[in-house]
Amino acid sequence: MSGKQWADVFLSGLPAIMQQDFKSYLAFCIGDSVQEEVLPSTFPQEQRINEIVLGLQTVRIKAQQLFKQYEDTLQKHYSSYHSSLSNAISTYLAYAESSIAQYGNSLLNNSSGAKFKTALLSIFSGKHKQIKQTRIELKNRIALVRSAHVQKNYIEHQYNDHLETTDLSIYINNIEELRQKVAAWRAQYPHTISNYLSNINDHHFHAELSELKAQIAPLLQKMDSIEHMLIADYNIVPTIPVTDINGLIEAVPYLTERVTFQLRYFNNFRDYYAARSDAYRSLQDSFDDIESNQLTGNITNGVFLPYINLQTARELCYKIQHTIATFNEYMSDFRIYHEWKSFFLSVDEAQQKLITRISIHLKDHWADAFECWYLYWILTTNEPLELPKSDYPLQQYQQHKQEFNQAQLNSIIALWTEKQADAVGDFKARGQNINSLFNKKGAKGMRRNSLRTIVNREFELFTDFFPVLLVNPSVCSSILPLQEGIFDVVIFDEASQLRLEDTYAALIRGKAKIVSGDKHQMAPSSYFEGSGALLDPIDDETEDSEDEFSDRTVLQAAQLNLADSESLLGYAVDKGFVESYLKVHYRSKHPYLIDFSNHAFYGNRLMPVPAKEHYTPIEYLQIDGLYEGQVNKQEALKVVELLQQIMKDTKDRIPSVGVATFNIYQRNLILEELSAARQHDIVFDSFMAQAGDSFFVKNLENIQGDERDIIILSTTFGRKADGSFTQNFGPIIQGKGHRMLNVIITRARSKVYVCTSFPQEYVGQYPNLIQQKGNKGRGIMYAYFTYAKAVSEGNDELRKGILQLLSQYCSDRLYEPAEFSLGSESPFEDEVFERLAQHIGADRLEQQHSVGGFRIDIVVKSKTSHKPLIAIECDGAKYHNSPEAYAWDNFRQEQLEKYGFIFHRIWSIKWWDDVDGELRQLLDFIRQQDEEEATLKKHVHIATRVNINDN
């Protein structure tokens, strides 16, 4: 098909408005011109179609959001009314039932005789005085039910409390009748909601939800304008008229598909234009090849002049024929060159390359060339075979890992399915019956078998079906046979909180014992009983010495009576259990939440995951309230204010919140103030009711094992009315009390608020206190307050200084941390950095970039936002040390990719073989990411502009 024929076919089915975009380029397509013009990245109508598609998608999303908001609001509207009325009814009936239970059915006798008797006896008897009052209340409290009922007119009901009766039960029966009506209405109102949702328009909308109703008309008007545009310009007609939100949501996918289909014309045109361009270029290349061929010399010089169209090109071909004839006249001089070329072509490819290189470059440099070859040969000969040369081994590891995980799951399922089938077969073969064992139906005259009976009678059958049992130590002792090694594995969690005498019987039931706990957290609560559990801090300001597990010598551990271990975890350590440590810390959503404990107690061995967004994870609030009567009123009020603000700022879900205090009296005060605030603020009360068990207020010794999104810490202590400040903080600064501090500051997943009245002149003493006594006592507590203040105020220099001090005095360092060291890991990494900096600038690069607890060899920052974007990994010493390096590096990459990093790996062997090639690939990769980021930003800008126009 010629270019002219193609153009006629292409334009035949094209809307007129789109034909305008292609007219100026058709001459090139049909051959009237071979001067290529650069096509626009986006044609005007192509951009307009994309904007229409975006507009359709935007209006549909808004319609779907309106639908969902309307549905949620209807549900909330009806359920709120139902809840309010049901609570009022239940309260009334509960009052009636409890009163009857207390005073008997005679309470309901309201005859004149009964009233006279009660009135007479009430003179002498408090009980009869209460009966008299209760009869009055049974009638008067109906008003509370009526008040909740008449809020809406959904349920018809006639009350009878205007009647005077001798039998008060008619009032109760009347409210009971209302309760049944409410239950029937509750079953019906979901159908009412469905009816409202079936046809959402201005004429079919709930009368009390006018705010949402106002959103309908703009959406339908926007949709109508888009439809008119599609019909007028692109001849795209909707299949159904759009008269409501439901029809809008249904119509958009069809219109989107139809209008998107128009984009194929632009892609087809680009493809054909590119093909014609390649054809013209190939023709020109053919001419250039003939003219530049060394065999032709200068014979064809000037023959192939530039041509403007295909007709001119044909004329040049005639000139080529004339040139060939000219070549024939000089064939006699070609023989010598032919003999040389014949020899050159007779040798293999490697020899040809060598001859060519020698002839061009190495006539005077043979010694240097040989030395270069020799060194390369030595490196190649001694290269370890196991060194990675590409991403393939890492990709192979990832694939094998996935296959192994699936195979392992299948194997486990098959194994236990077979074991369960065999167990049932053996059980039935012994003449037993499953229903008899479990006595599921509780046959007449027979009690169901207890769980203890079932487990003891058929332990193997039970564990074949329930191979994993989750029980506490006391339940374990009461229902499971006391037999050593009956389980393959016994696992204890929070072992630092478990007493040995409570758990030893469970421990011996396992062949293998796994004890999980944290020696830097609190021991069983009895450890703190001698100090009054922070209720009444002692006056002595001394700080007891602390004997950590790690401080014991081998001789001390051997001499220790194991029965005296403070916890199960202590017993396991003293007994010599093999110890392994947590490496990656997942709870905290920001590294700053765990950094303090990591440096102070864990020797900086924990690796926190990076923060997904930038925010302040710790807020330090200096309250300076007075400490009177063992409470701090101002701090309690600030805690309640924070709670109100947190609930007010809630968007998608209510965060879980925990409040921790330094004594039980402060806890009680906060609960009192919180109750008062809830009574005065209905919205706040509703939020707190929804929070439910996810909210708590506890004093420090009761908080271990809990974790919440937000922790509010009320430090309670402060100056007294006379201005004095006594540093009597109880067990938290004595002995192993720093474990309490470690527990409380690591409970938060997202954020910590520190509400304190500690004077700054005392808090600032932490460096001297830590240097004197290490990371314990008042020093470590004051250090945390200063750390929290530094994080809150963004004082990064002070924050890092505190962490360095804590690391220096940490008594549990398994290795020397390299956190504050600078510099790269290898000369290879330095070379990559220097070569890359020459091309894109050192300001876009950073070596050994820290992300949470991870480090990246080199990061390339975004061109626009200057935030780290590309992670460049150089295979350094870690890849040469162990075959497990792949596993860790794969895990690290998976974690960092969740935070938006794009990985590119450079292998030292490939770099050595071809530095320029590897650098070129790296630059191409960076350029590709820059272009994709710029394109994405452009699309976001267009989308934002369309949204602005829509509004």
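In strand β9, T756 is the bridge partner of Q622. The model that shows this pair is predicted, with local features requiring pLDDT of at least 70, side-chain atom pairs counted only at pLDDT 80 or more, and totals for chains, interfaces and linings drawn from all residues. Residues are numbered from 1 along each chain as its sequence is written, and side-chain values use heavy atoms, with hydrogens and water left out.

Strand β9 (residues 748-757) and β5 are joined in the parallel sense by five bridges; strands count as paired if DSSP finds at least two bridges between them. Both belong to an open sheet of five strands, ordered β5-β9-β8-β6-β7 with parallel pairing. At its edges lie β5 (618-622) and β7 (695-699), each of which pairs on one side only. From one strand to the next, the twist averages 15 degrees. Helix α25 (residues 592-600) lies across β5 and β9, and runs at about 75 degrees to β9. Here axes are lines fitted to C-alpha atoms, for helices over the stretch in contact (heavy atoms within 4.5 Å), and angles run from 0 to 180 degrees between N-to-C directions.

Stepping back to the whole protein, 38 helices and 13 strands are found, taken as DSSP runs numbered from the N terminus (helices H or I, at least four residues; strands E, at least two). Of the 951 residues, 41% are buried, that is, under 20% relative accessible area with a 1.4 Å probe, protein chains only. Among contacts between residues at least 6 apart in sequence, 72% join residues at least 24 apart.

How values were computed:
Buried means under 20% relative accessible area, exposed over 50%, partly exposed in between (1.4 Å probe, protein chains only).
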